[in-house]
Amino acid sequence: MSSTPEDQFRAKTAFMKTWRPNNPPSTQDKLNLYALHNQSVSGDAPDKDDPDASAADKAKLSAWRSKRGMKQSEAMAQYVVECDRQIQLYGTKDGKEKKKSIQRSISEQNSKGRF
């Protein structure tokens, strides 16, 4: 049984919360993941700017707005692909243990019929 884009998105989001890269991702890569995640869960970014927003918050909003019009299901799929790209690019600290954890998670999902 194949998993849905939503299932893959949820699994990847959970993984990324614990991911510890060997090398820090670039600001642009962080913003891209932020934008794809927000587009996935909230849809299009708001039009209104907060005049008191920090430079970092303005950058996040700008990145999110760059995904405007993208369907949430497409954003989910792109989020998964982008996460995989960044994991490959930046590596993972203690990669062996993380790989075992991922394999356990996939096995658990398979046993529940989610993959």
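View 1. The buried residues of helix 3 pack against helix 2 (27–42). A contact here means heavy atoms within 4.5 Å. Helix 3 covers residues 55–65, and its buried residues are Leu-61, Ala-63 and Trp-64. Seen down the helix axis, these buried residues fall within an arc of 160°, so they line one face of helix 3. The arc is taken from the directions that run from the helix axis to the C-beta atoms. Buried means under 20% relative accessible area, exposed means over 50%, and partly exposed lies in between, with a 1.4 Å probe and protein chains only.

This is a predicted model, in which local features need pLDDT of at least 70, side-chain atom pairs count only at pLDDT 80 or more, and totals for chains, interfaces and linings use all residues. Residues are numbered from 1 along each chain as its sequence is written, and side-chain values use heavy atoms, with hydrogens and water left out.

**View 2. The whole fold at a glance.** The protein has five helices and zero strands, in the pattern α-α-α-α-α along the sequence. Helices (H or I, at least four residues) and strands (E, at least two) are DSSP runs, numbered from the N terminus. Of the 115 residues, 34% are buried. Among contacts with a separation of 6 or more, 78% join residues 24 or more positions apart.

**View 3. The largest nonpolar core.** This core has 13 residues, and those with the most contacts inside it are Phe-15, Met-16, Trp-19, Leu-33, Tyr-79, Cys-83 and Ile-87. Helix 1 (5–18), helix 2 and helix 4 (72–90) each supply at least two of its residues, and helix 4 gives the most, with six. Apart from it lies another core of six residues, among them Leu-31, Ala-35, Leu-61 and Trp-64. A nonpolar core is a set of buried Ala, Val, Leu, Ile, Met, Phe, Trp, Tyr and Cys residues joined through side-chain atoms within 4.5 Å. In soluble globular proteins, nonpolar side chains tend to be buried together.

**View 4. Around Ile-87.** Not counting residues up to four places away in sequence, Ile-87 touches Lys-12, Phe-15, Met-16, Trp-19 and Thr-92.

**View 5. The second largest pocket.** Its volume is about 160 Å³, and it is lined by Met-16, Trp-19, Pro-25, Lys-30, Leu-33, Tyr-34, His-37, Asn-38 and Gln-86. Helix 2 gives the most to this lining, with five residues. On a 1 Å grid over the protein atoms alone, a pocket is an open set of points where a 1.4 Å probe fits, with protein on both sides within 12 Å along at least five of seven lines; lining residues have an atom within 4 Å of a point.

View 6. Thr-13 is found in helix 1 and is buried, with a relative accessible area of 13%. Leaving aside neighbours within four places in sequence, Thr-13 is in contact with His-37 and Tyr-79. Glu-82 sits in helix 4 and is also buried, at 9%. With the neighbours within four places in sequence again left aside, Glu-82 contacts Asp-29, Asn-32, Leu-33 and Leu-36. Glu-82 and Leu-36 are 46 residues apart in sequence and 8.9 Å apart in space, C-alpha to C-alpha.

**View 7. Asp-94 in a loop.** Asp-94 lies between helix 4 and helix 5 (95–111) and is exposed, with a relative accessible area of 54%.

Terms used. Grid points are joined across faces, edges and corners, and a volume is the space filled by probe spheres set on the points.
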